[in-house]
Amino acid sequence: MHNATVLEADRQSERALIKVLGGHRVDPPPVWLMRQAGRYLPEYRALRKTARNFLDFCYTPELAIEATLQPIRRFDLDAAILFCDILVIPDALGVDVQFVEGEGPKLVPLQSVSTLTSDVDSAVGEKLAPVYTAIEAIRAALPDDKTLIGFAGAPWTVATYMIEGGSSRDFAATKTLMWSDPVEFGRLIDILVEASIIHLSAQIRAGADVVQIFDSWSGVLPAPEFRRWCIEPTRRIVDALKSVFPDLPVIGFPRGAGAMIEDFVQGSGVDGVSLDSSMPLRTAAALQPRVAVQGNLDPILLMTGGDAFQQRISETISALSGGPHIFNLGHGVLPSTPPDHVQALVDMVRERGAA
Ligand code: CP3
């Protein structure tokens with residue numbers, strides 16, 4: 001048992017992504033892409049047709065396993081990210097969540113926090129059991145040097161979907177509740193913090209090596225609310241995970257954080273910060289003494305390809321080569337991206353990194 005643990009620790013330390021998240025620079029930088037699985041891959045579209053709906057897909061281990069591994073078979077990426085969605089948490093809490101083809105997610109808008117299930121632990125553990133089954137099989141199937149990333153949405157971002165009933169342009173309903181009834185809003189955030197801790201802990205126990213917390217809409221919050229509803233809940237999740245799994249690296253993705261990025265790094269306790277494409281590379285480099293940075297090529301530039309694409313990849317690697325860097329996009333791969341461009345990106349990162 002003890003030897004097995006030591007062996008596992010050895011293997012972990014050989015994973016480039018884990019090294020970088022431990023604060024070391026690795027040359028060339030490890031690379032993976034947000035939404036590296038999904039509709040831009042023809043083999044994903046074929047697999048997707050076999051499931052009745054998107055949530056069924058996420059809850060069918062053989063499909064989730066296959067979708068997670070598809071990009072790893074095609075490209076020499078350093079990490080696989082679990083194929084799932086941030087909206088499985090509201091689904092587990094008893095909210096009606098549907099993914100409508102071509103329209104994105106549709107949820108029944110939350111009327112009162114008291115309508116959510118009170119036994120969060122069993123609700124998450126039971127509903128999301130197939131996700132953990134998938135993780136065990138994915139970890140077993142992945143080569144030792146590849147990292148498996150688990151994830152959850154940050155409480156703020158998940159709350160926006162629950163209150164708005166889907167995607168939103170101005171987040172008016174969510175902000176109205178946040179300012180008019182901070183006690184009720186705080187209850188919702190507390191439940192989401194608890195559910196995220198349970199969900200991420202179960203992913204780690206099943207074999208996730210790293211977890212990422214996606215705060216896709218944190219950028220719409222004014223500074224005081226960014227502290228209270230993005231940084232603080234993230235900190236609570238990070239602290240709870242680290243108290244049980246002290247060596248587990250956590251990546252935060254406070255998309256749109258802008259000038260709040262330093263407060264986020266300081267206050268959240270994350271080991272790595274994923275940066276959107278608006279973040280200047282010099283600002284990113286200035287964060288590196290304190291945290292590993294991940295990013296931040298514009299996903300539309302990946303879709304476009306060409307000279308500007310190649311030039312920006314090499315500029316990004318050069319600008320961040322002085323510290324811990326994980327190459328990634330500033331947001332997810334878009335469905336219209338040619339898979340060849342992903343291949344070109346991975347090849348370039350491997351080559352330019354050594355230059
Ligand atoms: O490869 C991976 O990154 C793993 C899988 C993954 C998905 N969603 C699969 C998915 C991950 C990490 C997510 C996270 C997620 N989901 C976020 C945070 C990251 C971000 O993009 O900001 C958010 C906000 C969601 C919510 C969500 N899920 C939306 C808004 C949509 C509809 C828009 C769209 O791209 O279709 C989804 C659906 C979804 N999640 C799809 C996939 C592959 C497409 C559905 C399909 O294939 O039918």
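1. A pocket is defined on a 1 Å grid over the protein atoms alone, as an open set of points where a 1.4 Å probe fits, with protein on both sides within 12 Å along at least five of seven lines. α3 (42–48) and β3 (104–107) are the elements that give two or more residues to the shell around the ligand; helices (H or I, at least four residues) and strands (E, at least two) are DSSP runs, numbered from the N terminus.

2. Conventions. The model is predicted, with local features requiring pLDDT of at least 70 and side-chain atom pairs pLDDT 80 or more, while totals for chains, interfaces and linings use all residues. Residues are numbered from 1 along each chain as its sequence is written, and side-chain values use heavy atoms, with hydrogens and water left out.

3. Ligand shell. The ligand is surrounded by 22 residues, the closest being Arg39, Tyr44, Asp85, Ser216 and His331; a residue is near the ligand if one of its heavy atoms lies within 4 Å of it. The shell divides into 14 nonpolar, 4 polar and 4 charged residues. Here Ala, Val, Leu, Ile, Met, Phe, Trp, Tyr, Cys and Pro count as nonpolar, Asp, Glu, Lys and Arg as charged, and the others, Gly among them, as polar.

4. A ligand nitrogen is 2.7 Å from an N or O atom in the side chain of Asp85. A ligand oxygen lies 2.7 Å from a polar side-chain atom of His331, and a ligand oxygen is 3.3 Å from a polar backbone atom of Gln36. Taken alone the ligand exposes 870 Å², of which the protein buries 89% (Shrake-Rupley method, 1.4 Å probe).

5. Pocket lining. The largest pocket has a volume of about 1200 Å³, taken as the space filled by probe spheres set on the grid points. Its lining comprises 40 residues, with Arg35, Arg39, Phe54, Asp85 and Phe99 nearest the centre; a lining residue has an atom within 4 Å of a point. By class, the lining holds 23 nonpolar, 8 polar and 9 charged residues. The largest share, 3 residues, comes from α3.

6. Backbone geometry. Most residues other than glycine have a negative phi, and most peptide bonds are trans. Arg35, in the loop between α2 and α3, has a positive phi near 55 degrees. The Asp27 to Pro28 peptide bond is cis, with omega near 0 degrees, and Pro28 is found in the loop between α2 (16–21) and α3.

Methods:
Polar contact = N/O pair within 3.5 Å; in protein donor to acceptor, adjacent residues only side chain to side chain.
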